[in-house]
Amino acid sequence: MDKIELLAPAGSLEKSKVAFLYGADAVYAGTSKHSLRTRTEMDSDSLEETIKYAHSIGKKVYVALNIYAFDQDYKEIEEEVKRLNKINADAIIVADGGIVEIIKSITPNMPIHISTQANTVSLHGAKFWSNNGASRIILARELSKDKIKYIMENKPKDLEMEMFIHGAICFAYSGRCYLSQYLSDRSANSGECSQPCRWKYNLYAEEVNKPGNKIELDYDEKGTYAFSSKDLCLIDKIPEIIEMGMESLKIEGRLKTEYYLATVVRAYRQAIDDYYKNKSNWDSKKYLKELITVKTRGLSEFYYSDNNNYDIHDFSGKNENGIYEYGAKVIEEKKDNIYIVEIKNKLTIGDILEVLNPNGIDIQSFIIKKLYDINTNESIETINPGVKGQKVKMEIPYKVEKDYIIRRKK
Ligand code: SF4
């Protein structure tokens with residue numbers, strides 16, 4: 001059995017580098033306005049650079065062109081498909097059958113991945129796409145384990161399957177929601193969702209005889225976040241998903257920070273590698289312990305384990321930040337354990353920091369003993385991030401490398 005692919009989001013070249021360092025086999029990125037990733041930082045040039053970088057280290061980049069296009073969009077889409085072919089994208093992610101046809105006619109050898117936005121929920125749907133040029137299906141998130149298993153057991157052999165294992169989920173059917181368009185004039189179906197389902201809502205009754213007289217209704221003791229979904233987390237199910245023969249495991253989070261990416265990718269990387277090394281002793285606890293160190297809205301196995309989808313909401317509007325925050329990113333090694341790091345949050349002598357080691361799940365922690373101004377070399381006591389990209393020299397008692405992520409205990 002080939003090893004399953006771990007696929008991470010890439011909002012920028014820098015985030016791609018972090019994702020690869022922490023164990024992603026491939027990343028997915030958007031192309032300006034033709035994907036559902038329009039608010040990410042990936043412009044045309046950085047996409048090309050990301051692909052070059054990925055190929056130089058034997059990794060892959062899949063590019064999303066997953067809008068539902070109107071006829072007037074097609075001229076531009078044709079140009080984009082030609083460009084993606086020229087810059088050697090490893091696959092194009094598509095939801096719209098019209099765009100599939102364009103890719104097939106312009107670049108017949110380009111692998112086509114059917115986006116989760118196409119809502120493939122059946123073997124019949126998967127076969128349709130397979131017969132029409134798809135090399136991979138990104139399954140809809142609204143599928144239970146049994147339904148996924150049935151598709152895996154009966155799909156065409158050469159059709160690859162990918163599924164989401166971690167990240168935000170919609171209270172609506174993925175990609176079929178107008179709440180954001182209605183409330184903030186930003187369409188979720190064009191990648192612009194402002195996530196109003198996470199907002200706090202109040203219910204009112206209006207008395208029949210007194211129009212305009214609103215009576216606020218208490219929702220119940222749990223609060224009023226009626227639509228707020230938890231986050232998907234299938235860490236506990238990694239062994240059975242691997243045994244089903246799934247080809248790729250996808251992490252959601254195109255707008256997440258490098259720190260989030262490093263933490264989540266690293267946990268799943270270790271979970272996957274450890275499972276292949278020692279199937280009988282595998283236990284999800286240590287990976288889950290890491291996954292809850294970053295911000296979550298509560299974790300759920302969503303439809304995978306719950307056909308009726310009862311375990312999706314967190315009515316209290318929980319938005320847990322975990323006990324850590326992004327501390328710093330290693331930029332360069334000087335000498336004698338002194339490194340230049342980019343500051344991400346306030347750092348003070350005496351703070352406890354932890355290095356996220358890409359080569360294992362164990363954490364290397366240390367107390368900040370020395371900080372130096374990057375220009376004057378003067379010792380300093382504390383430093384705030386201030387302008388973006390601000391750096392400091394710091395003593396780190398471990399061998400670390402460029403792009404290692406360091407977290408800070410709050
Ligand atoms: S508003 Fe919420 S449910 Fe609707 S598309 Fe956005 S994230 Fe999904």
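The domain assignment of the protein gives domain 1 (5-169 + 229-305), domain 2 (179-217) and domain 3 (324-409), with bounds that come from an automatic or database domain assignment. This is a predicted model, in which local features need pLDDT of at least 70 and side-chain atom pairs count only at pLDDT 80 or more, while totals for chains, interfaces and linings use all residues. Residues are numbered from 1 along each chain as its sequence is written, and side-chain values use heavy atoms, with hydrogens and water left out.

**Domains 1 and 3**

- The C-alpha centres of domain 1 and domain 3 lie 32 Å apart.
- Across these two domains, 16 residues of domain 1 are in contact with 18 residues of domain 3, where contact means heavy atoms within 4.5 Å.

**Surroundings of the ligand**

- The residues that surround the ligand are C170, F171, A172, C177, A188, C193, P196 and C197, a residue being counted as near a molecule if one of its heavy atoms lies within 4 Å of it.
- By class, this shell has 8 nonpolar, no polar and no charged residues; Ala, Val, Leu, Ile, Met, Phe, Trp, Tyr, Cys and Pro count as nonpolar, Asp, Glu, Lys and Arg as charged, and the others, Gly among them, as polar.

**Helix α4**

- In helix α4, which spans residues 97-106, the residues I99, V100, I102 and I103 are buried; buried means under 20% relative accessible area, exposed means over 50%, and partly exposed lies in between, with a 1.4 Å probe and protein chains only.
- Seen down the axis of α4, its buried residues fall within an arc of 160°, so they line one face of the helix; the arc is that of the directions from the helix axis to the C-beta atoms.
- The cover over the buried residues of α4 includes α3 (74-86), β4 (91-94), β5 (112-114) and α5 (123-131), where helices (H or I, at least four residues) and strands (E, at least two) are DSSP runs, numbered from the N terminus.
- At the start of α4, a side-chain oxygen of D96 reaches to within 2.7 Å of the backbone nitrogen of G98.

- The buried residues listed for α5 are L123, A126, W129 and S130.
- These residues cover an arc of only 125° around the axis, which puts them on the same side of α5, whereas the face turned away from that buried side carries the exposed residues H124 and N131.
- Covering the buried residues of α5 are elements that include α4, β5, β6 (136-138), α6 (145-154) and β7 (160-168).
- The C-alpha atoms of L123 and M152, which are 29 residues apart along the chain, are separated by 8.4 Å.
- α5 is followed by G133, whose phi is positive, near 105°.
- In the loop between β5 and α5 lies N119, which counts as buried at 13% relative accessibility.

- Most residues other than glycine have a negative phi.
- F302, which is not a glycine either, has a positive phi of about 55°; F302 is found in helix α11 (residues 302-305) and counts as buried at 3% relative accessibility.

**E5 in strand β1**

- E5 lies in strand β1, which spans residues 5-9, and at 10% relative accessibility E5 counts as buried.
- The side chain of E5 makes a polar contact with the side chain of R136 at 2.8 Å; a polar contact is a pair of N or O atoms within 3.5 Å, and within protein one must be able to donate a hydrogen and the other to accept it, while residues adjacent in sequence count only if both atoms are side-chain atoms.
- Not counting residues up to four places away in sequence, E5 touches D25, A26, Y62, R136, E247, S248 and L249.

**P385 in a loop**

- P385 lies in the loop between β19 (382-383) and β20 (391-395) and is partly exposed, with a relative accessible area of 22%.
- Leaving aside its neighbours within four places in sequence, P385 is in contact with I343, K344, N345, K346 and Q390.
- The C-alpha atoms of P385 and A89, 296 residues apart along the chain, are separated by 35 Å.
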